[in-house]
Amino acid sequence: MNPVKKLCTQESGEAAVLQGNMAFAVGCVRTGIHAVDGYPGTPSTEVIDKGLSNVQDMISVGWSISEATAVSVGYGHSLAGQDCVVTMKIPGLFQAGDPFSSSAFFNEDRGALVYYLASDFTPSSTQHLVDPRPFIKSCFVPIFEPRNHQELHEASEIAADISRQFKTPVVILANGTLCHSEGLVHLSDVKTRDRVELTVPLKKFNTLPVVARGNYNTVVTERMPALTEMVENSPLNKWEKGAGKVGVITYGINEMMVKEVKESLGEDIDILSLGFTFPLPMNLIRKFYDSIDGDVYVIEDGYRFVQEEIERNGLAIQGKDAIETLTEWTPAQVAGRLGYSLESPASNEVAPLSRPPMICAGCPYRLFGETVRQMKKKGKLETCFGDIGCNTLLYFMDAVDTNVAMGTGESNRAGYVLANPEKASKCLSMLGDGTECHSGMDSTRNTIFRHIPGVKVVLDNNWTAMTGGQPGPTSPVNLAGQTNTFDLQSSLAAHGAKVVEVSGYDRKGIKKALTGALADAENDVFTTLVITGVCIRKMPKSSYGTQMTVDADICKRCGLCQICPGIQADKDGLPSFNNMCTGCVSQSAACAQMCPVNAITIAEPSEKSAADRVTLPEAPETITAPDAGSFTLPERVALAIRGVGGQGNLFFGRVLTQLAFLAGYGDTNIVKGETHGMAQMGGPVISTFSCGNVCSPVLLPGTADCLVSMEQSEILRQGFVDMLRPGGTVLLAKTHVLPYGVAEEAYPAHKQIMDTLANYNVVEIDVLEQAFALGDPSGRIANVVMIGALSTLAPFNEFPAELWLQALKNVSPKPAIWTANHAAFSAGRALF
C-alpha cells in the first residue's frame with residue numbers, strides 16, 4: 001500500500017506529521033469529497049501531484065489544461081451532484097475569473113464547489129502579490145482561512161458543508177507557508193458523501209441577463225445575511241482571553257505567528273482568531289474591541305483587507321500603513337509591531353553571494369538561451385517576450401526580457417510589432433509547451449488571424465516542469481496513465497502556422513532555424529519554432545552517468561563553455577565538471593558544442609578493480625528502539641538549515657519530523673517550514689524545524705538550538721545567524737557551490753566567514769569528502785553525513801541513535817538507499 005493510501009485508510013485519530021498540502025489532500029479523501037481538479041501552481045501543486053494522484057481508485061482526480069478549464073470542470077461536477085474541489089495558486093484565480101464569478105450566483109441545490117487557493121505573498125515563485133480577497137468578496141463567495149495543519153486537514157469538509165447548506169461556492173484560502181510546512185495532524189473520521197439530487201432542470205443554471213439579475217438579488221438579500229449569521233456564531237472563531245491590555249485580531253497562519261510571540265516571550269495578549277475573512281463577524285469583532293483597554297492590532301497577510309473592513313465599520317485599529325509593503329509576517333515582525341523588543345542582531349559585514357535561480361544542468365532550454373543571448377549581443381535580436389515557467393529563468397542568461405502572465409508572450413510581441421512593424425525580424429516570443437496549451441494558443445490564433453509576421457518559439461519538454469513535472473497535453477500519458485493523443489505540432493500547423501521543429505541539444509540547428517525564421521519575418525511570414533527535448537527530471541536514470549572531460553593541452557581557456565552550473569573554471573580558466581553535471585542526459589553535451597577547439601569530450605569509462613570499489617557495511621533490517629520513558633528530551637527543540645537548492649535540505653527536514661514523531665513529540669507539537677518554488681533551482685533554500693512547546697514554522701530570533709549550513713557562504717544570509725540562541729551551535733559544511741556566472745574570486749574568503757562567526761560555537765566539517773569516501777561521486781548523501789554529525793551535538797544528542805536511524809529508514813526505506821544512508825549517518829557520527 002502506498003503511503004498516501006495508508007493515510008487515507010488509517011484509523012481516525014491516529015497522529016501523523018504532514019505537509020499542509022498533503023494534510024488537505026488526505027482530508028479530501030477521508031471526508032468523502034467526490035472529485036478534485038486543478039492546474040499545477042506552486043504552492044498548491046502537491047495536493048494532486050504528491051497526494052491524490054496516488055489514490056485515483058478512491059477519488060476522481062485530474063489536471064486540466066488551465067485554471068479556467070479546471071473551474072469549469074469542477075462546476076460540471078457540482079451540476080452532476082458531486083462535491084468537487086478545484087486547486088490553483090492565486091494568479092490562476094484571475095485566469096479563471098470569468099467562470100469563477102459567473103458560476104457564483106446560482107441559488108439551486110447542487111454538489112459542493114470548493115476552491116483551494118494557495119497564496120504566495122512573499123513571493124517565492126509567483127508573478128504577482130495581488131490580494132484576491134476583494135475580488136472574491138465582489139462575487140459574494142465566503143472565504144475560509146485555515147490556521148494550522150489540523151484545520152487544513154479538515155477544511156474540505158467544512159467548506160463543502162457550507163457550500164451545500166448555503167448553495168454557494170466556497171474559497172479555502174491557504175497561506176503558502178502553511179501549504180508547504182509540515183505539522184502534526186490527527187486523522188479525521190472516514191466518511192462518505194451522497195450525491196446531491198438536483199430538483200430543478202439544468203436550464204435553471206443559465207447566465208441570461210434576466211436570470212443573472214434575479215440571481216444577484218437573491219444572493220445579496222438572502223444568501224449573504226444567512227452567511228453573516230453563520231460566521232458570527234461559528235465555533236471556528238477563537239477568542240483567547242488575557243488581561244485585556246493588548247488585543248490582536250488575526251486569521252489563517254498569522255495566528256501561528258502571533259501565538260509564537262505570546263508563548264516564546266511570555267507576553268499577555270488577547271487574541272481573536274477569525275475562521276472566515278468574508279463575511280466578517282463584525283458583532284464579535286466589536287465585542288472583542290470593546291473588551292480591550294489598550295490598542296487593538298490587525299495582523300494579516302496580503303494587503304489590508306480585514307483592516308479596511310473593520311475601519312469602515314468605525315473601529316480605530318492598528319494595522320499596516322497604506323503604503324506599507326509588508327505582505328507576510330514573521331514572529332519577529334509581529335513582536336516588533338506589538339512593541340515588544342528583541343535583541344538587535346549584529347550586522348553582517350560580509351555580503352552573501354547572489355544566487356539567482358537557474359535552469360537545471362543539462363536542461364534542453366540551455367542552448368536556445370545561449371543562442372538568443374549571442375544573437376542579442378551581436379544586434380541580430382533586440383527583445384524576447386517571455387512567459388511563466390522554467391523558461392522564465394532564461395532571464396538570468398539574458399535570453400528573456402519581459403514576461404507578464406502565462407501564455408501572453410506572443411500577444412505581447414504581436415502588439416509590439418503592430419506598433420513597430422520594422423521590428424518583426426528583431427524580436428521573438430517564447431513560452432513552454434504547457435503554457436502554449438494553457439492559453440498561449442489563443443495568441444497563436446490571434447497572430448495568424450491578424451497576419452502579424454514574426455517568430456514564436458515553443459520550448460517543448462513534454463511536462464509541466466517548473467512545478468515538478470506534472471503531465472500536460474504534450475506528455476506521453478495523462479494523470480490516469482492513458483496514452484496521449486494530442487499532437488502539438490500538428491495542432492499548430494492546423495491553425496495555419498509555419499511550424500519548424502529542432503532539437504534543444506542541436507546548437508547549429510537552433511541557430512539556423514532562428515536565423516531563417518527571423519529572415520522570413522521580413523517577408524511577412526509567421527513561424528512557430530518548436531524546440532524539443534524532454535525535461536531532464538523526467539528522463540530515465542539510465543540517461544545519467546555520462547562523464548565529460550577536458551583536454552587541458554587543447555583547451556584555450558576562452559570561457560565559451562561556461563554556460564552551465566555543471567561546469568566551472570579554475571583561476572587559470574581551465575574548466576572542470578562538478579557533481580551537478582548530468583552529461584546532458586546522454587544527449588549531445590551543450591558545453592562540448594560551445595567549445596571552438598573540441599577540447600571537451602566524453603570521458604572514457606574508468607576501469608575500477610574490485611579492490612577499488614567501496615563496499616558499504618550491511619545496514620540492519622530492523623532497529624530496536626529504546627523503550628518510551630527510558631530517555632528524557634527537552635521541552636522544546638528548534639533548528640534552522642540553509643543551503644542551495646539540490647543539496648537535500650528538504651530531505652533533512654523530513655528526517656527531523658520523523659525523529660520528533662518517534663520520540664513522542666506528537667503529544668505536543670511538531671512543525672517544519674521550508675522554501676519551495678524557484679529557490680530549488682540552485683537558489684538559497686532554508687528549512688526550519690521545531691518540536692515541543694512550539695507554534696510557528698517560522699522561528700523567532702534567538703530561539704534555534706543549532707544552525708546547519710550545507711553550503712559555507714549561505715551562513716551569511718541576512719538574519720540566519722540571528723536565529724541562534726545563546727550557547728547554540730553552528731554546524732558548517734566546507735562545501736562551496738559557486739553560482740552560475742560568478743567568478744571564483746567573488747566567493748567570500750574562509751577567514752571572512754569565520755571572522756563573522758567569531759562569537760559563536762562553530763563546528764566545521766567536510767561532508768562532501770565523507771560522501772565521496774563512501775563511493776558517492778555526486779555527493780547526494782552529504783546531507784545524511786550532516787545529519788549524523790548533528791546527532792552528536794547538544795541537545796540533539798539526547799535523541800537515542802536508534803531513533804535517528806529509524807527516522808532515516810522511514811523516510812527512505814528502499815534497501816539500496818537505506819544502506820547508503822546508514823553508512824553516511826554512521827560516518828557523520830564518527831567525526832566526533
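Predicted model: local features only at pLDDT ≥ 70, side-chain atom pairs only at ≥ 80, totals over all residues.

Colleague: Okay. What's the strand order in the open sheet of 7 strands?
Modeller: The order is β3-β2-β4-β5-β7-β6-β12, with mixed pairing. Its edge strands are β3 and β12 (276–278), each pairing on one side only. Two strands pair if DSSP finds at least two bridges between them. Strands here are DSSP runs of E with at least two residues, helices are H or I runs of at least four, and both are numbered from the N terminus.

Colleague: And how do β4 and β5 pair?
Modeller: β4 (residues 84–89) and β5 (residues 113–118) are parallel, over 6 bridges. For instance, C84 has L113 in β5 as its bridge partner.

Colleague: Which helix packs on that sheet?
Modeller: That's α4 (residues 67–79), which touches β2 (35–38), β3, β4 and β5. A contact means heavy atoms within 4.5 Å. The direction of α4 makes about 170° with that of β4. Such angles run from 0 to 180 degrees between N-to-C directions, using lines fitted to C-alpha atoms, for helices over the stretch in contact.

Colleague: Switching topic: what about the open sheet of 4 strands?
Modeller: That one goes β9-β11-β10-β13, also with mixed pairing. The edges are β9 (238–240) and β13 (296–299), and the twist averages 15° from one strand to the next. β9 pairs with β11 (residues 270–274) in the antiparallel sense over 3 bridges, and E240 stands opposite I271 in β11.

Colleague: What packs on it?
Modeller: Helix α12 (residues 282–290) does, touching β9, β10 (247–251), β11 and β13.

Colleague: Now β20: why call it largely enclosed?
Modeller: Because 7 of the 7 residues of β20 (residues 526–532) are buried. Buried means under 20% relative accessible area, exposed means over 50%, and partly exposed is in between, with a 1.4 Å probe and protein chains only. Both faces are covered, with F526, T528, V530 and T532 on one side and T527, L529 and I531 on the other.

Colleague: Which strands join to β20?
Modeller: β16 (residues 454–460) runs parallel to β20 with 7 bridges, and V455 has T527 as its partner there. β19 (residues 498–503) is parallel to β20 too, with 6 bridges, and E501 is partnered by V530. From β19 the chain crosses through helix α19 (residues 507–521) to β20, in a right-handed β-α-β crossover. Right-handed means that, with the strands pointing away from you, the path from the first strand over the helix to the second runs clockwise.

Colleague: At what angle do α16 and α17 pack?
Modeller: About 25°, with the axes of α16 (residues 409–419) and α17 (residues 433–449) 7 Å apart. That makes them roughly parallel, a label for angles under 35 degrees; over 145 is roughly antiparallel, 65 to 115 roughly perpendicular and the rest oblique. E410, S411, R413 and A414 of α16 meet S443, T444 and T447 of α17.

Colleague: Last one: is S53 buried or exposed?
Modeller: S53 counts as buried, because its relative accessibility is 18%. S53 lies in the loop between α3 (46–51) and β3 (60–63). Leaving aside residues up to four places away in sequence, S53 touches I48 and L479.

Technical notes:
Residues numbered from 1 in each chain as written. Heavy atoms only, no water.
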